[in-house]
Amino acid sequence: MDNLPIIVFTAPSGGGKNHVIRHLLKEHGGTLSHCISDASRPPREDESPGNPYNFLDPLEFILRALRKAYIEYANVNEENRADDYGWRGTPKSEISRIWGE
């Protein structure tokens with residue numbers, strides 16, 4: 001793909017982002033790609049690596065952030081503690097993967 005625009009979906013946890021994304025990919029899968037974000041927590045029971053996140057140890061996430069591996073990242077936990085599972089980020093490598101398709 002030729003550096004097409006990026007569409008960002010934001011909403012609180014449980015707000016239906018993944019539902020909307022799955023629907024759009026089903027309907028327009030040939031023209032859309034999904035960027036998999038990193039999360040600094042272990043997967044839940046119904047999740048697996050890459051679905052819906054790349055799951056990282058909090059320290060690994062912070063090290064990647066320090067190496068400028070993300071186009072954006074934030075601590076989405078209300079407590080904003082650096083040692084918790086609240087970090088989420090969009091890896092530059094995911095954007096490169098999509099634009100390289």
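From the N terminus on, the elements of the chain run α-β-β-α-β-β-α. That comes to three helices and four strands, taken as DSSP runs numbered from the N terminus, with helices being H or I of at least four residues and strands being E of at least two. This is a predicted model, in which local features need pLDDT of at least 70 and side-chain atom pairs count only at pLDDT 80 or more, while totals for chains, interfaces and linings use all residues. Residues are numbered from 1 along each chain as its sequence is written, and side-chain values use heavy atoms, with hydrogens and water left out.

Start with the chain as a whole. Of its 101 residues, 27% are buried. Buried means under 20% relative accessible area, exposed means over 50%, and partly exposed lies in between (1.4 Å probe, protein chains only). Contacts are heavy atoms within 4.5 Å. Among contacts with a separation of 6 or more, 42% are between residues 24 or more positions apart.

Now turn to helix 2, residues 58-66. Its buried residues are P58, F61 and A65. They sit on the same side of helix 2 because they cover an arc of only 60° around the axis, the arc being that of the directions from the helix axis to the C-beta atoms. L59 and L66, on the other side, are exposed. The cover over the buried residues of helix 2 includes strand 1 (37-39), strand 3 and strand 4.

Beyond residues up to four places away in sequence, F61 touches D38, A39, S40, L56, Y70, Y73, W87, R88 and G89. F61 and A39 are 22 residues apart in sequence, yet their C-alpha atoms are 7.6 Å apart in space. A65 reaches Y70 and Y73, leaving aside neighbours within four places in sequence.

F61 and A65 also belong to the largest nonpolar core, together with L56, Y70 and W87. Such a core is a set of buried Ala, Val, Leu, Ile, Met, Phe, Trp, Tyr and Cys residues joined through side-chain atoms within 4.5 Å.

Helix 3 can be read in the same manner. E94, I95 and I98 are buried there. Their arc around the axis is only 100°, which puts them on the same side of helix 3. S93, S96 and G100 are exposed on the other side. Strand 3 and strand 4 are among what covers the buried residues of helix 3.

Next comes the largest pocket, with a volume of about 1,500 Å³. Its lining has 49 residues, and F9, K17, I21, H34 and S37 lie nearest its centre. Helix 1 (17-28), strand 3 (70-75), strand 4 (87-91) and helix 3 (92-100) each give two or more residues to the lining. Helix 1 gives the most, with seven residues.

Two backbone details lie in loops. N51 and P52 are joined by a cis peptide bond, with omega about 5°. P52 is in the loop between strand 1 and strand 2 (53-55). K68 is not a glycine, although its phi is positive, at about 60°. K68 lies in the loop between helix 2 and strand 3. K68 counts as exposed because its relative accessibility is 60%.

Key: On a 1 Å grid over the protein atoms alone, a cavity is a set of points where a 1.4 Å probe fits but cannot get out, and a pocket is an open set with protein on both sides within 12 Å along at least five of seven lines; lining residues have an atom within 4 Å of a point. Grid points are joined across faces, edges and corners, and a volume is the space filled by probe spheres set on the points.
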